[in-house]
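This report is written for someone looking at the structure for the first time. Please keep the sequence and the 3D view at hand while reading.

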Amino acid sequence: MQRSLRIPENHPRAESLRIRERLVECLRKGIVVEQGLIAHGRGEAFDYLLGERTTTYAREAIRASVAMMLLADHPVISVNGNVACLCAEDVVRLASLVNAKIEVNLFYRSYEREKAIEMLLKEHGANTVYGVGDRASMSIPELMSERRRVDRDGIYSADVVLVPLEDGDRTEALVRMGKKVIAVDLNPLSRTARSATITIVDNITRAMPLMVETARALRHEPRDRLNEMLRSFSNTRNLEASLSVIRLGVDGMYVEREGGGGSRQIGSE
Ligand code: PTJ
């Protein structure tokens, strides 16, 4: 039996509950897989520790990522079930602003899911969606999962790939192919986060709209300025900073409980 929850507006976790409802609805429509709900739960745990805010460090990573996409010759946005469900509209907007292709790439691949995700992206205005069916005829070397199958005109020939919500194996394999990889991952300790060229430690539901906003702001900047933004960014430093937000946040929570004035929002905006 299908159940849907009426979420009270003043519920302290209203937004988080809304996102869960959306994922469950996408599960019913065959866009998200059961494992996608588990993956989201892991993300939620890190989001909680980050204070469910976009940190200043995530904002820095977003600026560098958008600069990288604007400077790229063949940028591609890789879309899986969770990303399609939570951010289809922003994926299409961002792709149009930075002139990127959109490719469906699934860990739990089935033709039905590819088509359902393609349809959702097209409903939001995408023209061509790469990687569907026979289009995904090329393979990422040394990768065994279904994620290895990519489109010759999409990820295979891309110089920059945005992989919101990814697994570590493919990130490493794409980097080995000489591509620059931008990841969005709430877990700053994950292999994806550690091996990507730029990692945005933020929830995709907040990061993607901010990427769109940043692309609008930066799209007419001269290439020199964009290059300068990239040069001044260090992924290692940025990940360390995100981890310190978690550490300080957790310490702050303990202080608060013991009657001190600690705050979870250190490093957040
Ligand atoms: O649609 P498919 O078939 O491609 O499958 C998608 C999933 C998500 C099931 C698949 O990619 C997977 O198993 O992912 P992992 O390896 O569990 O990685 C998910 C990572 O994304 C974890 O590090 C989570 O912390 C992180 N994550 C989960 N939800 C979010 C997130 N990061 C940002 N925003 C989120 N909303």
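The model is predicted. Its open sheet is built from six strands, in the order β3-β2-β1-β6-β7-β8, and the pairing is parallel. At the edges stand β3 (129-130) and β8 (198-200), each of which pairs on one side only. Strands of a sheet pair through backbone hydrogen bonds, either parallel or antiparallel.

**Strand β1**

Strand β1 covers residues 75-79. On one side, β1 pairs with strand β2 (residues 101-104) in the parallel sense, over four bridges. Within this pair, S78 has E103 as its bridge partner, and V79 stands opposite V104.

Is β1 enclosed or open to the outside? Five of its five residues are buried, so the strand is largely enclosed by the rest of the structure. Burial here means under 20% relative accessible area. In a regular strand the side chains alternate between the two faces of the sheet. In β1, P75, I77 and V79 point one way, while V76 and S78 point the other way; all of them are buried.

**The ligand site**

Which residues are closest to the ligand? They are G81, F107, Y108, R113 and R147, among 22 residues that surround it.

| Residue | Part of the residue | Distance to a ligand oxygen atom |
|---|---|---|
| F107 | polar backbone atom | 2.8 Å |
| Y108 | backbone N or O atom | 2.8 Å |
| R113 | polar side-chain atom | 2.7 Å |

On its own, the ligand has 750 Å² of accessible area, and the protein covers 94% of this.

**Residue E44**

Another part of the chain is helix α2 (residues 34-50), where E44 is found. Apart from neighbours within four places in sequence, E44 is in contact with S16 and R20. As for R6, E44 is 38 residues from it in sequence, and the two are 20 Å apart in space, C-alpha to C-alpha.

**In short**

Conventions: Residues are numbered from 1 along each chain as its sequence is written. This is a predicted model: local features need pLDDT of at least 70, side-chain atom pairs count only at pLDDT 80 or more; totals for chains, interfaces and linings use all residues. Side-chain values use heavy atoms; hydrogens and water are left out. Buried means under 20% relative accessible area, exposed over 50%, partly exposed in between (1.4 Å probe, protein chains only). Helices (H or I, at least four residues) and strands (E, at least two) are DSSP runs, numbered from the N terminus. Two strands pair if DSSP finds at least two bridges between them. A residue is near a molecule or strand if one of its heavy atoms lies within 4 Å of it. A polar contact is a pair of N or O atoms within 3.5 Å; within protein, one must be able to donate a hydrogen and the other to accept it, and residues adjacent in sequence count only if both atoms are side-chain atoms. Accessible areas come from the Shrake-Rupley method with a 1.4 Å probe; for residues, only the protein chains shown count as cover. Contact means heavy atoms within 4.5 Å.
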